Amino acid sequence: MESFSVAQTYSLQVRSDVSVLTQVLSWFNQLYQPSIPNNIWLQCQTILAEGLTNAIRHAHRDQPTTTPVDIEIIIAHQQIIMKIWDWGTAFDLSQKIQSLPDRIDPQQYGGRGIQIMQKLADRIHYDRIDDQRNCLVIVKNY
């Protein structure tokens with residue numbers, strides 16, 4: 001089993017267009033390391049896809065497609081941290097999570113991204129940062 005003495009950080013910037021999802025997932029898959037269980041990696045793929053899609057479809061809804069979305073992946077010992085920065089209006093993620101139903105409706109189209117991320121992640125938070133962007137931070141332990 002590989003051991004990490006320091007965290008490895010990877011960054012990518014994409015435009016606000018859902019068509020970049022394939023590119024982002026391809027980039028993410030290149031970061032895979034054998035010490036990470038496959039099921040955890042697949043969950044992280046899902047979390048990343050949901051977080052990016054939410055940033056593009058919701059936070060950047062009224063923004064041009066040239067508006068950047070920054071992504072950072074940190075792979076540390078037994079932990080993957082995903083950060084997604086957007087330029088949208090801030091909202092209270094904790095309050096939103098509390099208002100969601102307990103079950104994910106498989107028939108519902110859209111509106112499930114936060115629920116999916118919250119169920120798959122070990123920690124999730126969304127904060128406004130000093131440069132007027134928002135940062136979604138998702139932590140997955142393995």
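Guide: We'll talk about the sheet, then the helices, then some rings and cysteines. Keep in mind that this is a predicted model.

Visitor: OK, the sheet. How many strands form it, and in what order?
Guide: Five strands form an open sheet. The order is S1-S2-S3-S5-S4, and the pairing is antiparallel.

Visitor: What holds strands of a sheet together?
Guide: Strands of a sheet pair through backbone hydrogen bonds. The pairing can be parallel or antiparallel.

Visitor: Which strands stand at the edges here?
Guide: Strand S1 (8-15) and strand S4 (123-128). Each has a single partner strand, so one side of each is left without a neighbour in the sheet.

Visitor: And how much are neighbouring strands turned against each other?
Guide: By 15 degrees on average, direction ignored.

Visitor: How many bridges join S1 to S2?
Guide: Eight bridges join S1 to strand S2 (residues 68-76). The two run antiparallel. Arg15, for one, stands opposite Pro68 in S2.

Visitor: Now helices. What does H1 touch?
Guide: H1 packs on the sheet and touches S1 and S2. Its direction makes about 170 degrees with that of S1.

Visitor: Which strands does H2 lie across?
Guide: S1, S2, strand S3 (79-86), S4 and strand S5 (134-141). H2 runs at about 10 degrees to S3.

Visitor: New topic: rings. How many aromatic pairs are there?
Guide: The count comes to three aromatic pairs. One of them is Phe28 with Trp41, and that pair is stacked. The rings are 4.1 Å apart, centre to centre, with 5 degrees between the planes.

Visitor: Where do those two sit in the chain?
Guide: Phe28 is in helix H1 (residues 21-29) and Trp41 is in helix H2 (residues 38-59). They are 13 residues apart, and the pair links distant parts of the chain.

Visitor: Is Phe28 buried or exposed?
Guide: Phe28 counts as buried, because its relative accessibility is 0%. Trp41 is buried too, at 3%.

Visitor: What about Tyr32 and Trp41?
Guide: Those two form an edge-to-face pair. Their centres are 5.3 Å apart, with 70 degrees between the planes. Tyr32 is partly exposed, with a relative accessible area of 32%. Phe28, Tyr32 and Trp41 form one aromatic cluster.

Visitor: Last one. How many disulfides?
Guide: The count comes to zero disulfides. A disulfide here needs two cysteine sulfur atoms within 2.5 Å.

Visitor: And Cys44, buried or exposed?
Guide: Cys44 is buried, at 0% relative accessibility. Cys135 counts as buried as well, at 6%. The cut-off for buried is under 20%.

Technical notes: Residues numbered from 1 in each chain as written. Predicted model: local features only at pLDDT ≥ 70, side-chain atom pairs only at ≥ 80, totals over all residues. Heavy atoms only, no water. Buried < 20%, exposed > 50% of the residue type's maximum accessible area, 1.4 Å probe, protein only. Phe/Tyr/Trp six-rings, centres within 6.5 Å; stacked < 30°, edge-to-face > 60°. Helix = DSSP H or I, 4+ residues; strand = E, 2+ residues; numbered from the N terminus. Pairing = 2+ DSSP bridges. Axes fitted to C-alpha atoms, helices over the stretch in contact; angles between N-to-C directions. Contact = heavy atoms within 4.5 Å.
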